[in-house]
Every structure is written in C-alpha cells, then in structure tokens.
Amino acid sequence: MNETVVVAGAVCDRGRLLAARRSAPPELAGRWELPGGKVEPGESPQQALVRELREELGIETEPLRRIAGEWPLRPGLVLHAWTARLLDGEPRPLQDHDELRWLAPEEADEVDWLPQDRPAVAEAMRILGAL
Ligand code: CDP
C-alpha cells in the first residue's frame with residue numbers, strides 16, 4: 001500500500017501559532033489550515049515541510065517534533081503534522097493562501113479550521129500554552 005503523506009506545519013513563534021487561509025481549490029477556499037503539502041518521493045517529511053513552507057510562505061523553518069496521530073484525507077492520502085520553529089523571514093501568502101494569522105492559544109477558535117486539522121491545532125496550542 002502506497003500512501004502519500006501530507007505534512008502540515010504547526011509553525012510557532014513568540015508563543016503564537018501560524019494559521020493560513022486557503023485560496024484554492026474552491027471546496028477548501030476560505031478554510032484555515034496548518035500550511036504544508038505532499039511529501040515527494042525521496043524526501044523525508046522534515047525536508048518536505050521545510051520546502052513547502054519556503055515555497056508557500058517564504059519562510060525558513062526548523063521542524064521540531066511530529067504531533068502524534070494521523071488523519072485520513074482521502075484514499076491514499078493521509079495528514080501528518082509537525083511542530084516547527086520560525087527561523088527566518090516574515091510569512092507571506094505566496095501560493096495557496098490569501099490570508100495569514102498568528103494566533104495565541106486563546107485565539108485558536110477564531111478561525112474556521114479544516115476539520116482534519118483540528119486535532120493537530122489543539123495539540124500544538126496545548127504545547128504552546130505549556131511553554
Ligand atoms: O501543495 P501540495 O499539492 O503538495 O499539497 P496541498 O494541495 O497543500 O495539500 C494536499 C491535500 O492535503 C489537500 O487536499 C489539502 O486540503 C490537504 N491538507 C489538509 O487537509 N490540511 C493541511 N493542513 C494541509 C493540506
């Protein structure tokens with residue numbers, strides 16, 4: 001069974017979590033996610049995450065730890081999430097997004113998260129709140 005992993009980044013900086021609003025495809029537009037994308041053949045999940053966040057947001061990041069769990073997206077595609085630290089750059093929506101927000105733990109519910117991202121967001125906020 002070949003399952004493609006989508007790796008999403010819980011990017012943290014100064015006690016806040018980065019949320020990104022999707023602009024495409026139409027069925028996902030307007031919903032918020034942890035930014036990321038598919039792991040390509042030959043890549044580690046960490047390499048894929050660094051690449052996707054660079055391409056989509058223009059930032060340099062350091063993946064930290066995988067958030068426990070995996071969430072099915074559709075047959076053959078599964079979502080994983082990693083915490084990551086912002087190393088350099090100010091995120092800008094360069095590709096798949098039209099708005100970004102840095103959310104403190106108490107602001108987690110202020111955006112309309114994709115349902116499959118919610119468990120990872122909750123865990124990322126729990127980690128942030130405990131720091
Ligand atoms: O850019 P790439 O094609 O590698 O990936 P993507 O289009 O960003 O994401 C692939 C699929 O994963 C889409 O169906 C997204 O909706 C889904 N996804 C998600 O459910 N949650 C995320 N945090 C990131 C992606």
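Hi everyone. Before we look around, please keep in mind that this is a predicted model, where local features need pLDDT of at least 70, side-chain atom pairs count only at pLDDT 80 or more, and totals for chains, interfaces and linings use all residues. Residues are numbered from 1 along each chain as its sequence is written, and side-chain values use heavy atoms, with hydrogens and water left out.

Let's begin with the ligand. How many residues surround the ligand? There are 16, and the closest are Leu-28, Leu-34, Lys-38, Gln-116 and Asp-117. A residue is counted as near if one of its heavy atoms lies within 4 Å of the molecule. By class, that shell has 7 nonpolar, 3 polar and 6 charged residues. For the classes, Ala, Val, Leu, Ile, Met, Phe, Trp, Tyr, Cys and Pro are nonpolar, Asp, Glu, Lys and Arg are charged, and the others, Gly among them, are polar.

Where does the shell come from? Strand 1 (4–13), strand 4 (36–38) and strand 5 (60–74) each supply at least two of its residues, and strand 4 gives the largest share, with 3 residues. Helices (H or I, at least four residues) and strands (E, at least two) are DSSP runs, numbered from the N terminus.

Now the polar atoms. A ligand nitrogen is 2.6 Å from a side-chain N or O atom of Asp-117. On the oxygen side, a ligand oxygen is 2.8 Å from a polar backbone atom of Lys-38, and a ligand oxygen is 3.3 Å from a side-chain N or O atom of Arg-74. Taken alone the ligand exposes 520 Å², and the protein buries 84% of that; these areas come from the Shrake-Rupley method with a 1.4 Å probe, and for residues only the protein chains shown count as cover.

Next, two histidines. Is His-80 buried or exposed? His-80 sits in strand 6 (residues 77–88) and counts as buried because its relative accessibility is 11%; buried means under 20% relative accessible area, exposed over 50%, and partly exposed in between (1.4 Å probe, protein chains only). Its side chain makes a polar contact with the side chain of Glu-70, at 2.9 Å. A polar contact is a pair of N or O atoms within 3.5 Å; within protein, one must be able to donate a hydrogen and the other to accept it, and residues adjacent in sequence count only if both atoms are side-chain atoms. His-97, in strand 7 (residues 97–103), is buried at 4% relative accessibility, and its side chain makes a polar contact with that of Glu-33, at 2.7 Å.

On to the backbone. A cis peptide bond joins Ala-24 and Pro-25, with omega about -10 degrees, and Pro-25 is found in the loop between strand 2 (16–22) and strand 3 (32–33). Arg-14, in the loop between strand 1 and strand 2, has a positive phi of about 50 degrees although it is not a glycine. Arg-14 counts as exposed, at 69% relative accessibility.

Last stop, helix 1 (residues 45–57), which holds Leu-53. Leu-53 is buried, with a relative accessible area of 0%, and its C-alpha is 6.9 Å from that of Pro-35, 18 residues apart along the chain. Glu-56 lies in helix 1 too and is buried at 2%. Glu-56 and Gln-95 are 39 residues apart in sequence, yet 5.1 Å apart in space, C-alpha to C-alpha.
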